[in-house]
Structure formats: structure tokens, C-alpha cells
Amino acid sequence: MKIRKYKSADLEQYVSVVRETYQKTNAREATRAGMDAFLSLLDVKTNRKRIEKVFQDSTYVGVAVEQKKIVGVVRIMHNLRNKDTKSYWLSNLFVLPSYHRHGVGGQLLQIAIDDVEKRGGREIKCMSSIYAIPFYTKYGFKKTTGVRNVGGKRVQPMRKSL
Ligand SMILES: CC(C)(COP(=O)(O)OP(=O)(O)OC[C@H]1O[C@@H](n2cnc3c(N)ncnc32)[C@H](O)[C@@H]1OP(=O)(O)O)[C@@H](O)C(=O)NCCC(=O)NCCS
């Protein structure tokens with residue numbers, strides 16, 4: 001398995017890793033409407049321009065590749081509430097279910113953290129899925145509030161100091 005930077009030719013595969021993983025792993029955390037809204041944002045046919053812009057606005061986008069197939073993705077960006085702060089958002093971290101618990105997510109997270117540190121970042125925040133709370137806890141993230149409902153999806157806000 002190799003991790004490399006995202007390139008524009010990866011767009012379709014990147015999006016399908018997120019869609020497939022969310023539907024298979026996180027479905028119980030969302031209402032039907034929440035799931036539909038999430039999937040429609042990730043519809044390449046109708047939303048390609050918006051998706052491309054999100055990648056352009058990100059500070060690091062990485063993909064884990066196994067035999068030419070993308071099996072995991074990570075995306076990180078400045079905390080848009082205040083671009084001047086040293087705060088970053090982990091916006092996507094998804095590994096295809098059949099590759100879970102083989103260290104792919106941990107390696108993707110570490111590469112994203114390394115990139116934030118190189119940029120002088122001092123914290124990473126995320127809206128963890130309920131499923132991923134033990135994973136983020138293992139990597140030093142702490143809960144900052146209780147579970148929240150964001151657009152029909154249950155999420156756990158978490159933060160890691162660097
Ligand atoms: C969260 C996710 C990215 C982790 O990816 P992964 O490749 O399975 O993670 P790793 O194999 O690197 O796991 C590292 C450690 O985290 C912990 N961990 C990972 N998944 C866990 C789980 N489901 N339950 C408990 N602990 C878990 C374990 O300590 C694990 O080490 P171990 O396997 O030696 O016990 C993956 O489960 C995923 O894509 N989930 C669905 C999407 C999601 O919820 N993403 C987060 C969105 S914010």
C-alpha cells in the first residue's frame with residue numbers, strides 16, 4: 001500500500017471511496033434525509049465543479065493506493081472560520097470497509113498531521129463519525145462537546161493539539 005498526493009484524475013475514485021464507505025459503515029448514524037443530502041453533495045455528475053473547488057481549497061489531499069486502486073482518502077483544510085489561525089479541519093478520512101484495521105487510516109492520518117505540522121499548525125479539529133471515535137481517541141484526539149446532529153448526521157466534535 002502506498003500513500004501519495006491526490007491528483008485530479010483521482011476525483012471519481014476518491015468520491016466513490018467516500019460514498020461507499022459512508023453508506024456501508026456509517027449509515028446508522030444518519031437519518032435518511034441526512035444520508036441523501038450527504039450523497040447528493042458527492043454526486044460527481046451534478047456537483048463536479050463544487051467538488052473540484054473543495055479539493056482546490058484544501059491544504060492536503062492524500063490517497064492510499066493498493067494495486068492501482070484507491071482504498072482510502074484523507075483531506076485537510078484551514079479552519080475556514082479564521083484563515084489566519086493555526087487551526088485545521090480534518091474534513092475527510094475514509095477507508096474502504098474491506099481494508100479496515102490494516103493500518104491504512106492511521107497512516108493517512110499521520111501524513112495529514114505531518115503536513116499540518118510543516119505548515120506551523122497547532123491544532124486539528126474534526127467532526128468524528130460515531131464509528132471513528134475509538135480511532136481518533138487512539139491518535140490523541142479529545143471530545144470537545146457532546147454528540148451533535150449536523151444536517152441529519154450524528155457527529156462527535158474532537159480536537160487534537162499539536
Ligand atoms: C475510521 C477509519 C478511517 C479507520 O481506518 P482503519 O484503516 O480501519 O484504521 P487503522 O487500521 O489504522 O486503525 C488504527 C487503530 O485505531 C483503532 N480503531 C480503528 N477502528 C476501530 C474500530 N472500529 N473500533 C475500535 N477501534 C478502532 C484501533 O486501535 C486500531 O488499531 P488495531 O487495529 O491495531 O487495534 C475507518 O474505520 C473508516 O473509514 N470508517 C468509516 C468512515 C469514518 O467514520 N471516517 C471518519 C469520518 S470523520
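**Entry 1: S128**

I count a residue as buried if 20 or more other C-beta atoms lie within 10 Å of its own, and as exposed if 12 or fewer do. I note at the start that this is a predicted model. I began with S128, which sits in strand 5. How many other C-beta atoms lie within 10 Å of S128? I found 21, so S128 is buried.

Next I listed what S128 touches, leaving out residues up to four places away in sequence. The contacts are I133, Y136, V155, Q156 and M158. I also checked S128 against F141. They are 13 residues apart in sequence, and their C-alpha atoms are 9.8 Å apart in space.

**Entry 2: the ligand shell**

I then looked around the ligand. Which residues are closest to the ligand? They are H100, G105, G106, S129 and P134, out of 21 that surround it. By residue class, the shell divides into nine nonpolar, 10 polar and two charged.

**Entry 3: helix 1**

Which residues of helix 1 are buried? I found Y14, V15, V17, V18, T21 and Y22. They lie on the same side of helix 1, because they cover an arc of only 155° around the axis. The face turned away from that buried side carries the exposed residues E12 and K24.

One more check started from V15. Its C-alpha atom is separated by 8.1 Å from that of D43, 28 residues apart along the chain. D43 lies in the loop between helix 2 and helix 3. Is D43 buried or partly exposed? It has 13 other C-beta atoms within 10 Å, so D43 is partly exposed.

**Entry 4: helix 4**

I treated helix 4 the same way. It has 15 residues and reaches 21 Å from its first C-alpha to its last, close to the 21 Å expected at 1.5 Å a residue. The buried residues here are V104, G105, L108, L109, A112, I113 and V116. Why do they share a side of helix 4? Their arc around the axis is only 165°, which puts them on the same side. On the other side, D114 and K118 are exposed.

What do the buried residues of helix 4 pack against? I listed strand 1 (2-5), strand 2, strand 3, strand 4, strand 5 and helix 5. After the helix comes G120, whose phi is positive, near 85°.

**Entry 5: the nonpolar core**

In soluble globular proteins, nonpolar side chains tend to be buried together. I looked up the largest nonpolar core here, which has 31 residues. V18, V73, V74, I76, F94, L108 and A112 touch the most other members. Helix 1, strand 2 (60-66), strand 3 (69-78), strand 4, helix 4 and strand 5 each supply at least two residues. Which element gives the largest share? It is helix 4, with six residues.

I closed with F94. Not counting residues up to four places away in sequence, it touches V17, V18, T21, Y22, G72 and V73. Among these, V17, V18, T21 and Y22 are buried residues of helix 1.

Terms used: Residues are numbered from 1 along each chain as its sequence is written. This is a predicted model: local features need pLDDT of at least 70, side-chain atom pairs count only at pLDDT 80 or more; totals for chains, interfaces and linings use all residues. A residue is near a molecule or strand if its C-beta atom, placed from the backbone, lies within 6 Å of it. Ala, Val, Leu, Ile, Met, Phe, Trp, Tyr, Cys and Pro count as nonpolar, Asp, Glu, Lys and Arg as charged, and the others, Gly among them, as polar. Helices (H or I, at least four residues) and strands (E, at least two) are DSSP runs, numbered from the N terminus. Two residues are in contact if their C-beta atoms, placed from the backbone, lie within 7 Å. A nonpolar core is a set of buried Ala, Val, Leu, Ile, Met, Phe, Trp, Tyr and Cys residues joined through C-beta atoms within 7 Å. The arc is that of the directions from the helix axis to the C-beta atoms. The expected span of a helix is 1.5 Å times one less than its number of residues.
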